[in-house]
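Please look through the sequence and the model shown below. The paragraphs that follow lead from a helix to the pockets and then to a single residue.

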Amino acid sequence: MDIKNFIEQYRHAFGSYELPLGIWYTDAPVAEPQKSKGCFIKDLKAARNGEFVSFNLETIFCPGGKVYTGYMEMPQFLPGFVSGKEKYKETPEMVENFVKELNMSDKSTKYLNFVSIDKLESFESLEGLVFFANPDVMTGLISWVHYDTNKSDAVSVPFASGCSAIVAQTVVENRENGHRTFLGLFDPSVRPQVAADELSLSVPMSRFAEMYHTFGKSCLQGTHAWNNVKKRIENNGN
């Protein structure tokens, strides 16, 4: 898979709209880790602007963020907080079962890195890609995902915090060589950290390795319907 070729195709389909971020873990940081203040999703703005961003156990502030990046086991208070305070699940037991079934691997000694893919030389070592997209761009991405499959869960929207949808589910799916992609940023707590018209689509590399070869065959490469959408993307929604 050639990263420059993909970027060229992506630009042809979406114009100057922002490129996806690459996600990967390393033994050493690719940038000086900066401490997050609250939800670390807001700190990804730097990565979206072309800077390398690294986190580790000490620099992620939110306990949930630490859990969903693999940096620690679920603390005792978290199920009650998610259920009783945030009211995102009916019972603490449902939260416990969700985290248990997610089965995120231990990353406590690793660094988690993000950067726009135009700053990378290759897709090697990535766990996945995360696209931040408005409805028109997301329409194109979802159409691309469905191009070569009839699987009903090709695009999945499981319960997830912002960091779980972007990191944990992507990493777990990639390690299992899975086919699902994940629509995210439906967590009310994360919404203030992104634009009002923005959602995420996370694609594990296990699935991207297939999708890479279909981008140029899908509707994104010049159909009448897509050209009409592309025109509005290029005109910033007008």
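**Helix 4 and its surroundings**

The buried residues of helix 4 pack against helix 3 and helix 5. Contact here means heavy atoms within 4.5 Å, and buried means under 20% relative accessible area, with a 1.4 Å probe and protein chains only. Helices are DSSP runs of H or I with at least four residues, strands are runs of E with at least two, and both are numbered from the N terminus. The model is predicted: local features need pLDDT of at least 70 and side-chain atom pairs count only at pLDDT 80 or more, whereas totals for chains, interfaces and linings use all residues. Residues are numbered from 1 along each chain as its sequence is written, and side-chain values use heavy atoms, with hydrogens and water left out.

In helix 4, the buried residues are Leu-78, Pro-79, Val-82 and Ser-83. They lie on the same side of helix 4 because they cover an arc of only 120° around the axis, the arc being that of the directions from the helix axis to the C-beta atoms. An α-helix has 3.6 residues a turn, so residues three or four places apart point the same way. Just after helix 4, Lys-87 adopts a positive phi of about 60°.

The largest pocket has a volume of about 510 Å³. Its lining comprises 30 residues, of which Glu-86, Tyr-88, Ser-161, Asp-187 and Ser-189 are the closest to its centre. A pocket is an open set of points on a 1 Å grid over the protein atoms alone, where a 1.4 Å probe fits and protein lies on both sides within 12 Å along at least five of seven lines; lining residues have an atom within 4 Å of a point. Grid points are joined across faces, edges and corners, and the volume is the space filled by probe spheres set on the points. At least two lining residues come from each of helix 3 (63-68), helix 4 (78-85), helix 7 (162-175) and strand 6 (181-184). Helix 3 gives the largest share, four residues.

The second largest pocket has a volume of about 270 Å³. Among its 15 lining residues, Met-72, Glu-73, Met-74, Val-99 and Met-104 are the closest to its centre. Helix 3 and helix 5 (92-102) are the elements that give two or more residues to this lining, and the largest share, four residues, comes from helix 5.

Finally, Asn-113 lies in strand 3 (residues 111-116). Asn-113 counts as buried because its relative accessibility is 0%.

Technical notes:
Buried means under 20% relative accessible area, exposed over 50%, partly exposed in between (1.4 Å probe, protein chains only).
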